[in-house]
Structure formats: C-alpha cells, structure tokens
Amino acid sequence: MKSLDKSVILVGMMGAGKTSVGRRLATTLGVPFRDADIEIEEAAGCTVNEIFDRLGEPAFREGERKVIARLLGEPPHILATGGGAFMDTETRARIKERAISVWLKADLDLLLERVSRKDTRPLLRNTDRRSTLQALLQQREPVYAEADITVLSDAGPQETVVKRVLSALEDYGGALK
Ligand code: S3P
C-alpha cells in the first residue's frame with residue numbers, strides 16, 4: 001500500500017463529486033478525509049446556507065480561506081474544497097505551495113443533475129440553476145485548469161473516478177510514495 005506524502009486537494013464545481021470521490025480516495029489510501037465546508041460549518045456553528053444568509057458571502061469566503069490554511073498545515077490527508085475555494089488567489093497559492101491539487105472536471109448536465117438533489121447551496125437558491133452553473137463554469141474553468149492534475153468526473157461509477165485520480169497521482173509523482 002502506498003502512503004501519502006502531501007495532501008491531495010480536490011477542486012472543481014459544485015456537484016463534481018469532490019466529497020464522495022474524496023471519501024473513497026481517503027479510504028483507499030488509509031488517510032484522513034476532510035471537507036472544507038463541514039469544517040467551516042463546525043467552526044461557525046451553523047450551515048453554509050445560514051452563513052450566507054446571516055453574514056454574507058464575503059464572510060463565508062474569509063472563513064473558507066482560514067479553514068483551508070489551517071487544514072494545509074495538518075498531516076497529509078484528502079481535502080474536498082467548496083467550488084469557490086480555488087478561485088481565491090491566496091488559497092490557490094497556498095495549495096500550490098503545500099499540496100497537490102486535482103480538478104474533478106464534469107460537464108454542465110452532470111453538475112445540474114447532481115446539484116438538483118439537494119438544496120444546500122446558497123448560490124443556486126432562487127436562480128435558474130442551469131444558467132447560474134453555466135456562468136460559474138465559464139468563469140471558473142480557466143482557474144480550475146491551473147490545478148496540478150485534471151481528472152474527468154463523469155456519470156459512471158464513482159469508483160472509476162477514484163481509480164483515475166489514483167493513477168493520475170502515480171503518474172504525476174510527489175504525492176504517493
Ligand atoms: C460554493 C460551493 C459549495 C459551498 C458554497 C459555495 C461555490 O461547496 O462551498 O455553497 O462557490 O461553488 P460544494 O462545491 O461542495 O458544493
């Protein structure tokens with residue numbers, strides 16, 4: 001069994017599968033799994049929706065930046081980030097310096113289908129989800145493309161996506177030893 005030398009940070013859009021792929025990846029590698037949104041909720045004592053409602057998006061982004069900076073100081077683990085986290089210049093620079101980033105790239109139809117299952121995402125409440133997601137995709141994809149590794153996340157079994165990530169990490173070097 002390989003061990004993890006650096007944390008692996010999953011980035012990409014809401015609905016790309018960061019949390020479910022991340023959990024499986026962590027189990028396969030026998031390392032801890034962390035989810036930045038959950039850590040933010042625990043620190044704030046309320047949900048992401050409530051943080052947006054009560055404090056606004058800038059406060060959420062500040063919390064997100066702090067939580068990810070803290071997690072990057074922890075021993076190697078798998079970290080699923082929220083869809084906007086990698087858009088932050090400071091966070092992106094920290095991730096580049098200390099970890100390996102993996103963009104889970106998924107197409108609009110798949111994202112739309114996945115996000116429609118839950119109502120936990122403030123940016124998609126009371127909007128036309130397709131056009132909001134499309135606009136975010138357009139704005140974010142060039143930045144997600146700065147990740148060290150890009151892996152296709154499609155509608156097939158999530159175990160296949162996990163295998164793709166593992167094999168991309170092997171090829172990339174520096175994460176598994
Ligand atoms: C966001 C994505 C969410 C969460 C917040 C904002 C975004 O995380 O951080 O609702 O800006 O794309 P997921 O990508 O895990 O849904």
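Predicted model: local features only at pLDDT ≥ 70, side-chain atom pairs only at ≥ 80, totals over all residues.
Start by selecting Ser-101: its side chain reaches the backbone nitrogen of Asp-148 at 2.9 Å. Residues are numbered from 1 along each chain as its sequence is written, and side-chain values use heavy atoms, with hydrogens and water left out.

Stay on Ser-101 and show the secondary structure. This serine sits in strand E4, residues 99-105; strands (E, at least two residues) and helices (H or I, at least four) are DSSP runs, numbered from the N terminus. Is Ser-101 buried or exposed? Ser-101 is buried, at a relative accessible area of 0%. Here buried means under 20%, exposed over 50%, and partly exposed in between, with a 1.4 Å probe and protein chains only.

Now select the ligand and bring up what surrounds it. There are 13 residues around the ligand, and Lys-18, Asp-37, Arg-61, Arg-121 and Arg-140 come nearest; a residue counts as near if one of its heavy atoms lies within 4 Å. By class, that shell holds 5 nonpolar, 3 polar and 5 charged residues. Ala, Val, Leu, Ile, Met, Phe, Trp, Tyr, Cys and Pro count as nonpolar, Asp, Glu, Lys and Arg as charged, and the others, Gly among them, as polar.

- Arg-121: an N or O atom in the side chain is 2.6 Å from a ligand oxygen.
- Arg-61: a polar side-chain atom lies 2.7 Å from a ligand oxygen.
- Gly-83: here a polar backbone atom is 2.8 Å from a ligand oxygen.

Next, jump to Asn-126, in the loop between helix H6 (108-115) and helix H7 (129-144). Check its backbone: phi is near 55 degrees, a positive value in a residue other than glycine. Asn-126 is exposed, with a relative accessible area of 84%.

Last stop: Lys-6, in the segment before strand E1 (7-11). Lys-6 is partly exposed, at 33% relative accessible area.

Notes: Polar contact = N/O pair within 3.5 Å; in protein donor to acceptor, adjacent residues only side chain to side chain.
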